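Here are my notes on this model, as promised. Have it open while you read.

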Amino acid sequence: MIVCPLCEHQQVQGNVCDGCGKELAPPAPIPDSSAVMPELESTSIASAGAVAPAEPMVELANHRVDAVVVPAEKMPDLELTGFASAPAAAAEAIPELELERTLFADDGVRTPAPKVLVCRYCGAQQPVEKGVLCDGCGNRLPVYANAARKAEVELTLNCPSCGVIGQPGRRCRSCGAFVKSPEVS
């Protein structure tokens, strides 16, 4: 089944989306099965390295001019608001700011997965058991992450700069600092 990346329309075959008209795949190349016909006159040049002399045509007028140089002018009415050097800003520590974040203990209670899916296009509701295609309009219904997907995230650490929870070996999604992997001893 082919799914259009633009409008998410699903179709069985074709190189063009039936819903929006986007080209899904480039057309297959046509094999070149042409053969040289011996009865036709050949137009190829025997010596491929031949150089033909090119001379300028004197009948044509030359309209080229040199590069234009515009002198810089001062504008006396322009108000300059820049400083020669910016004053140093005083950085104060915030005593009530907590830099450490802790994970809450898991109580084992999870939000149950929805039993009914709602189509974002037509608003029709249908049970999850009927599949991921809307019975009303045929578009794809929203899919919810399951527990197996959540198990992919093995280890999380706090960012050394801002304290946001992140994955080791990647950049922090909040401040961009590198979250180092813990050293195994």
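**Notes on the model**

1. Let me start with Glu-8: at 29% relative accessibility, Glu-8 counts as partly exposed. The cut-offs here are under 20% relative accessible area for buried and over 50% for exposed, with partly exposed in between (1.4 Å probe, protein chains only).

2. A word on the ground rules. This is a predicted model, where local features need pLDDT of at least 70, side-chain atom pairs count only at pLDDT 80 or more, and totals for chains, interfaces and linings use all residues. Residues are numbered from 1 along each chain as its sequence is written, and side-chain values use heavy atoms, with hydrogens and water left out.

3. Back to Glu-8, which pairs with Arg-120 in a salt bridge whose closest N and O atoms are 2.4 Å apart. This pair links distant parts of the chain, 112 residues apart: Glu-8 is in the loop between E1 and E2, Arg-120 in the loop between E3 and strand E4 (125-127). Arg-120 itself is exposed, at 53% relative accessible area. A salt bridge here means a side-chain nitrogen of Lys or Arg within 4 Å of a carboxyl oxygen of Asp or Glu.

4. The count of salt bridges is two. Lys-130 and Asp-135 also meet through their side chains, at 2.7 Å from N to O, and Lys-130 is exposed at 54%.

5. His-9 sits in the loop between strand E1 (2-3) and E2 and is partly exposed, at 27%. Leaving aside residues up to four places away in sequence, His-9 touches Ile-2, Val-3, Cys-4, Cys-17, Asp-18 and Gly-19 (contact: heavy atoms within 4.5 Å). His-9 and Asn-139 are 130 residues apart in sequence, yet their C-alpha atoms are 6.4 Å apart.

6. Of the 185 residues, 9% count as buried. Residues 24 or more positions apart make up 14% of the contacts with a separation of 6 or more.

7. The largest nonpolar core has five residues: Cys-159, Val-164, Cys-172, Ala-177 and Val-179. Such a core is a set of buried Ala, Val, Leu, Ile, Met, Phe, Trp, Tyr and Cys residues joined through side-chain atoms within 4.5 Å. Beyond four places in sequence, Val-179 touches residues including Leu-157, Cys-159, Gln-167 and Cys-172.

Terms used:
Helices (H or I, at least four residues) and strands (E, at least two) are DSSP runs, numbered from the N terminus.
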